[in-house]
Structure formats: C-alpha cells, structure tokens
Amino acid sequence: MRSIEGDGVALADTIPDEGAVEAFEDVERDVYRQQLHDTLEECLDALPEAQSDTIRARFYRGLTFKDVAALHGVSIEYTRQTERKALTALRHPRITRKLAAFREDIIQCHSLRGVGWTAFNSTQASSVERTVERLDRLTDREQFYTELLSKEVGQ
C-alpha cells in the first residue's frame, strides 16, 4: 500500500468500511434498546406485581384482555381496571423522570407518523404541530402529577 505524505497511513486505512459502520450502528441500536428495556423493567418493578404482570402480558406478549384474565384467573373487567391503574401509576413523575432520557427519541419517532395528506386532512395539523401538542400534553400531565404529589406531601 502506498503511504499518504509519508506519515505511515495507508490509503486503504482512510477509506470508510461501510460494513463496519453498519455493524457499529446495529450494536449502538441494540445497546439503546437494552437500556430502554432495562429502564422500563425498573419502572414496572416499582408497580404492584398484579399490575406489572398485566402490563407485561398485554404489551410485551401482546395478549388480549381475555387472555390475561384467563391467565390470572380473574374477570376481563378486573384485568382492564388493573391495566388502567398500572398505566396511571407509570405516569407518576417519579417514574417519568427515569424515562426522560428516552423522551426526545420517542418524540422524534412519533413525529414521522401520519405525515401524509390523509392525516393532515383529518387533523388539520402538520406532524410537527401534532408532536408539539403531544409534548405539551405530556408536560402538562407531568406538572399536574407533580403538583398533586406536592399537595399530598404537604397535608
């Protein structure tokens, strides 16, 4: 190999290897997913066992309310209520703070959904406007729970 300007670097060493870049991106994506999964598991572990089991069955395994109810030996309505309570608990600021690091990535992912004419025609808003509105709702909800928690602690 020919050296560039006598510094001992071969020309082949300066050409990027596309396979290595893809492999690096795959590893980076896998690490990110594992970190997100670990954080979600940590959040689910903070819930009562029935709630965390219901969330895992519904969202990790894709089971229906009927399937989850049969699995736990409870009614479908009880399963629905347990899921609602779990999702409400997951919106608590103590838990949402743990997921804040992933917030921008999730918002960026959602901003690319519904960018066509049909979505605009039905909502009369662009994908950017819908993303901002979604972020505002999440921020308002987080502030509400923070204020509610501070009132409960103050009493």
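Me: Which residues of α3 are buried?

Reply: This is a predicted model, in which local features need pLDDT of at least 70, side-chain atom pairs count only at pLDDT 80 or more, and totals for chains, interfaces and linings use all residues. Residues are numbered from 1 along each chain as its sequence is written, and side-chain values use heavy atoms, with hydrogens and water left out. The buried residues of α3 are Phe65, Val68 and Ala69, where buried means under 20% relative accessible area and exposed over 50%, with a 1.4 Å probe and protein chains only. They cover an arc of only 100 degrees around the axis, so they sit on the same side of α3, the arc being that of the directions from the helix axis to the C-beta atoms.

Me: And which residues are exposed on the other side of α3?

Reply: Lys66 and Ala70 are exposed there.

Me: What do the buried residues of α3 pack against?

Reply: They pack against α2 and α4 (76-90).

Me: OK, at what angle do the axes of α2 and α3 cross?

Reply: The axes of α2 (residues 49-60) and α3 (residues 65-72) cross at roughly 135 degrees and come within 10 Å. The two helices are therefore oblique to each other.

Me: Which residues make that contact?

Reply: From α2 there are Asp53, Thr54, Ala57 and Arg58, and from α3 Phe65, Val68 and His72, with contact meaning heavy atoms within 4.5 Å.

How values were computed. Axes are lines fitted to C-alpha atoms, for helices over the stretch in contact, and angles run from 0 to 180 degrees between N-to-C directions. Helices (H or I, at least four residues) and strands (E, at least two) are DSSP runs, numbered from the N terminus. Angles under 35 degrees count as roughly parallel, over 145 as roughly antiparallel, 65 to 115 as roughly perpendicular and the rest as oblique.
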